[in-house]
Amino acid sequence: MKWKTIRYLLFIIILTSCQYHPTQHGQQYTNGQLPRLLNLAQPHLNRPINIDSYLQQVKLIEQYSPSLFNQNKAVYDAINQWIIEGLATNQFNFVGLSTYQLQGQDKWGNVHLTGYYTPVMKGRRTPQGRYRYPLYAKPRNFSTRLPSRLEIYDGALDGQKLEIAYTDSLIDNFIMEVQGSGFIDFEDGSPPIFFGYNGKNGHPYKSIGRLLIEQGKFQRGKVSMQAIKAWAKEQDEQVVKNLLIQNASTVFFEPQQHALVIGSTGVPLIARASVASDQSIIPAGSVLLVDIPLLDDKGIYQGQRELRLMIALDIGGAIKGQHLDIYQGIGEQAGNLAGYYNHYGRVWLLAPPKNSHLLSPVLTRT
């Protein structure tokens, strides 16, 4: 009788272990913990909706970075064949590619998805009235240690002629740093000038959103770029500075006379066809199949998703591990969408099977 009971219990344990718990794919992160697991499965989804923008992104890689294009040419050619033949997402093997699923933060396929964009800000070339907050070029005469944000605010760079523009918003300058680039419209009849990323001061990055939560200013899951900007608008300048100096990291910029947004690879970025990644996991030029939750105008997930082909062409100081930052485009509308994105989705790397031994162990063959 005892043995029958044990066998019955073993059967129940085995049966239970074979089950999985599907999740709401677009469920928003609150505290970084995922309450339910996402089943790993061979991708058999609708075809990507952005074939045209993906192909445009590949052409820009070939034009602006021939070496990067050649490194990944076999994959690009195979995907072109897959597109031409109208194959399904579970038929990449027909063109010699395998799908390697990112294991995600919980090792069950939940990859953190955020968004970034290119802001367009009004500015002046010299301080004028409310336009008194400088953007800086990278210092060249610091041999060992660049100043922290606090030291910069206290005048550590004064007198070095590093100020390349002045805006009317300290928090907007900070947001432009987080995005890594932006356009400045000097309102002098000339076209807006692109200010590209020109390095950091080397100090550690700290999320001001997380700091605001810790200080009780926001509830978890309620922080967005829009919410932070609205909060800052209601504060005295010193209150905003006191928050920002807790993030000692600062980004420097370089004015560039072109109208293209360039990623860290030197390739112009196409909105929602390129991502910033941790290149120790997803090397530059890699092609990803990304299953993305769609958000409404208020940043709410309503149960709709889309599949996109994206290429890793950028990096970010906060983009580490199982995290992709999706480039959303230029201007206010793109900024609104980028500000709300803090969700998760499934992601597959497309690569030839012969390269599987070169892939990071954080990828899972499906």
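Predicted model: local features only at pLDDT ≥ 70, side-chain atom pairs only at ≥ 80, totals over all residues.
## Salt bridges

As a general point, an α-helix has 3.6 residues a turn, so residues three or four places apart point the same way. Lys-241 has a further neighbour: Lys-241 lies over the face of Tyr-153, 5.6 Å from the ring centre.

The structure holds 14 salt bridges. One of them joins Glu-187 to Lys-122, again at 3.6 Å from N to O. Glu-187 is in the loop between β6 (182-185) and β7 (193-200) and Lys-122 is in strand β3 (residues 120-122), so this pair ties together parts 65 residues apart in sequence. Both partners count as partly exposed, Glu-187 at 39% relative accessibility and Lys-122 at 48%. Another salt bridge brings together the side chains of Asp-168 and Arg-130, at 3.1 Å from N to O. Here too distant parts of the chain are linked: Asp-168 is in the loop between β5 (163-167) and α6 (170-179), Arg-130 is in the loop between β3 and β4 (133-136), and 38 residues separate them. Asp-168 is partly exposed, with 34% relative accessible area, whereas Arg-130, at 51%, counts as exposed.

## Helix α6

At the start of α6, a side-chain oxygen of Ser-169 comes to within 3.0 Å of the backbone nitrogen of Asp-172. After the helix comes Gly-180, which has a positive phi, near 95°.

## Nonpolar cores

Which residues touch the most other members of the largest nonpolar core? They are Tyr-54, Ile-79 and Val-287, in a core of 37 residues. Two or more residues come from each of α2 (51-64), α3 (66-71), α4 (73-84), β10 (287-295), β11 (301-314) and β13 (342-351). Helix α4 gives the largest share, six residues.

Leaving aside residues up to four places away in sequence, Ile-79 touches Tyr-54, Leu-97, Val-287, Leu-309 and Leu-350. Apart from this core lies another, of 21 residues, with Leu-212, Trp-231, Ala-232 and Leu-243 among them.

## Aromatic pairs

There are five aromatic pairs. In one of them, the ring centres of Phe-69 and Tyr-76 are 5.7 Å apart and the planes meet at 35°, so the pair is tilted. Phe-69 is buried at 8% relative accessibility, and Tyr-76 is buried at 1%.

Trp-82 and Phe-92 make a stacked pair, because their ring centres are 4.4 Å apart and their planes are at 15°. Trp-82 lies in helix α4 and Phe-92 in the loop between α4 and β1 (98-102), so the pair ties together parts 10 residues apart in sequence. Both residues are buried. Trp-82 also has a charged neighbour, Arg-47, which lies over the face of its ring at 4.5 Å from the centre.

How values were computed
Residues numbered from 1 in each chain as written. Heavy atoms only, no water. Salt bridge = Lys/Arg side-chain N within 4 Å of Asp/Glu carboxyl O. Helix = DSSP H or I, 4+ residues; strand = E, 2+ residues; numbered from the N terminus. Buried < 20%, exposed > 50% of the residue type's maximum accessible area, 1.4 Å probe, protein only. Core = buried A, V, L, I, M, F, W, Y, C linked by side-chain atoms within 4.5 Å. Contact = heavy atoms within 4.5 Å. Polar contact = N/O pair within 3.5 Å; in protein donor to acceptor, adjacent residues only side chain to side chain. Phe/Tyr/Trp six-rings, centres within 6.5 Å; stacked < 30°, edge-to-face > 60°. Lys NZ or Arg CZ within 6 Å of the ring centre and 35° of its normal.
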